[in-house]
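Reader: Please show me the structure first, and then let us go through it together step by step.

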Amino acid sequence: MTDLNINVDTLIENICTQLQQQNTLKQSPKMIGIRTGGEWVAQVLHKKLALPDPLGVIDISFYRDDFSKIGLNPTTKPSDIAWDITDQHIILVDDVLFTGRTVRAALNEIFDYGRPASVTLVVLVDRKGCRELPFQADIIGMSLECNKTIKVTGPDPLNVTILETKEKQA
Amino acid sequence: MIARLSSPNIQLNELGKLHHFLTLEGLKQHHLIEILDTTKSFINPNTNEIKKVPLLRGKSIMNLFFEPSTRTRTTFEIAEKRLSADISSLDIQTSATKKGESLLDTLWNLQAMQADMFVIRHAQSGAAQFFAQHVAPHVHVLNAGDGQHAHPTQAMLDMFTIRKHKGDIFDLKIAIVGDVLHSRVVRSQIQALSILEAREIRVVGPKTLMPENPEALGVHIYHDMEEGIAGVDVIIMVRLQNERMTSALIPSEKEFFKLYGLTEERLALAKPDAIVMHPGPINRGVEIESMVADGSQSVILEQVTYGIAVRMAVMSIIMSNAAQLSQYKAEQVAQTEQDRLQEENA
């Protein structure tokens, strides 16, 4: 019946530990957050990992595949990546991985900036089981069945709440 | 006569959103703010770069220029390309209408080539409106300048430039100097500034280059240049439209410069941080001196760059509104069907 608050600090710790176990951090990676929730998560990670280059932010509104159905997102802001993407190792951060369509749009946008050496996908929450496109995250804070609905609020404090049921949300 | 050429509503759809973009007349503040905000989202805040995006992929846009244009035509083409649309530009002066085809036949033929949007410039006031009245319901018309009537995208790029440099237009005093009578740009600028509730709009120029009843536009009239630009935040110079003058309205260009040309000394009368704008093409030594046109307060070339983003914003808003309208209609149909089924079951 009640919504469940998730301890975000634990999820962030989780992600940092996994990143440290991988090769990624040794390749002086640069980080990009996907607006809005992904940007919040990326801000926390970027600070915690003390990455030297400024955090990049992309707004995927102009790359969505449902423009001809739902039109433009009225709160679109410019993407802001202050460095050259070409040949860089990119850590791409989003708050929630669900259908995979946001990741598709984000990758398309990144490739319009240049050809990265690699992209590592990091998500705070993976809602499993409802994927519509073949994308999986490399590093996951926590997993959840996709019939559970979650709400991410931020940037400060960054909170993740599991809402009771999907139907309830609708 | 010109003021009534467009019925205010033909450019809005059933949801009150832009379907065509013909004039600023009859639009609300929120329509203009949406354009200005969307424009911002196309410009990189650090580099002023305008990136290509896949928003209008698969859409077909035709640029019909019945009148010569460099800036407007080129920036429209660049804007369309940066939105990934398929574009065709037709120089109608050298085309079918010369062979006796009527305007509407030309239009319908182009529509049969599956155009989604027409961008039209024409020497006749009301031409864009005329096209908008005759295109199919799914086709959109953008006015790229019609006679002495309107040039709404130019006015919006001017508003964007002002907002970018000076913040909220609400607080500003703006002087428009030059050939007000013949300028569609000025008409649209005055409409935009009024809708955005500029603190004071001044129009400066000789009596012969003013419309008959300028006060009706809600502006302050000055025939003296020094008085007109004293203390303003923004000076917009417009060129003498010699091609539209049917009689000698000014003694000479030299004389005009002496009375109304923007010189460094005159610019010093405006606020120290005032910006100088000009929709182009500029006539150096006629309405503006080179030192000012190329000076540190001039934002003339920035206007050109922002023209790309503003046109991208208008085109994507119109296509977005069309998408939302068809979604809305589909939902209505579904709802009616659901109601009918419920009634049958009851």
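Reader: Which domains does the domain assignment of chain B give?

Author: This is a predicted model, in which local features need pLDDT of at least 70 and side-chain atom pairs count only at pLDDT 80 or more, whereas totals for chains, interfaces and linings use all residues. Residues are numbered from 1 along each chain as its sequence is written, and chains are lettered from A and ligands numbered from 1 in the order in which they are written. For chain B, with bounds that come from an automatic or database domain assignment, the result is domain 1 (2-149 + 303-332) and domain 2 (152-298).

Reader: How many residues does the contact take from domain 1 of chain B and from domain 2 of chain B?

Author: The centres of the two domains of chain B, taken over C-alpha atoms, are separated by 26 Å. Counting two residues as in contact if their C-beta atoms, placed from the backbone, lie within 7 Å, the contact draws on 25 residues from domain 1 of chain B and 22 residues from domain 2 of chain B.

Reader: Which element gives the most to the side of domain 1 of chain B that touches domain 2 of chain B?

Author: Helices (H or I, at least four residues) and strands (E, at least two) are DSSP runs, numbered from the N terminus. On that side of domain 1 of chain B, at least two residues each are supplied by α1 (29-41), α2 (71-82), β4 (140-146) and α11 (300-345) of chain B. With 6 residues, the element that gives the most is α11(B).

Reader: At roughly what angle do the axes of α1(B) and α11(B) cross?

Author: The axes are lines fitted to C-alpha atoms, for helices over the stretch in contact, and angles run from 0 to 180 degrees between N-to-C directions. On α1(B) the contact is made by B:E34, B:I35, B:T38 and B:T39, and on α11(B) by residues including B:A309, B:V310 and B:A313. The axes of α1(B) and α11(B) come within 8 Å, and they cross at roughly 120 degrees.

Reader: Turning to chain A, what pattern does it follow along the sequence?

Author: Chain A holds 5 helices and 8 strands. Read along the sequence, their order is β-α-β-α-β-α-β-α-β-β-β-β-α.

Reader: Why is chain A described as being as compact as a globular protein of that length?

Author: The globule rule is 2.2 Å times the number of residues to the power 0.38, and the radius of gyration is taken over C-alpha atoms. Because that rule gives 15 Å for 170 residues, chain A is as compact as a globular protein of that length, its radius of gyration being close to this at 16 Å.
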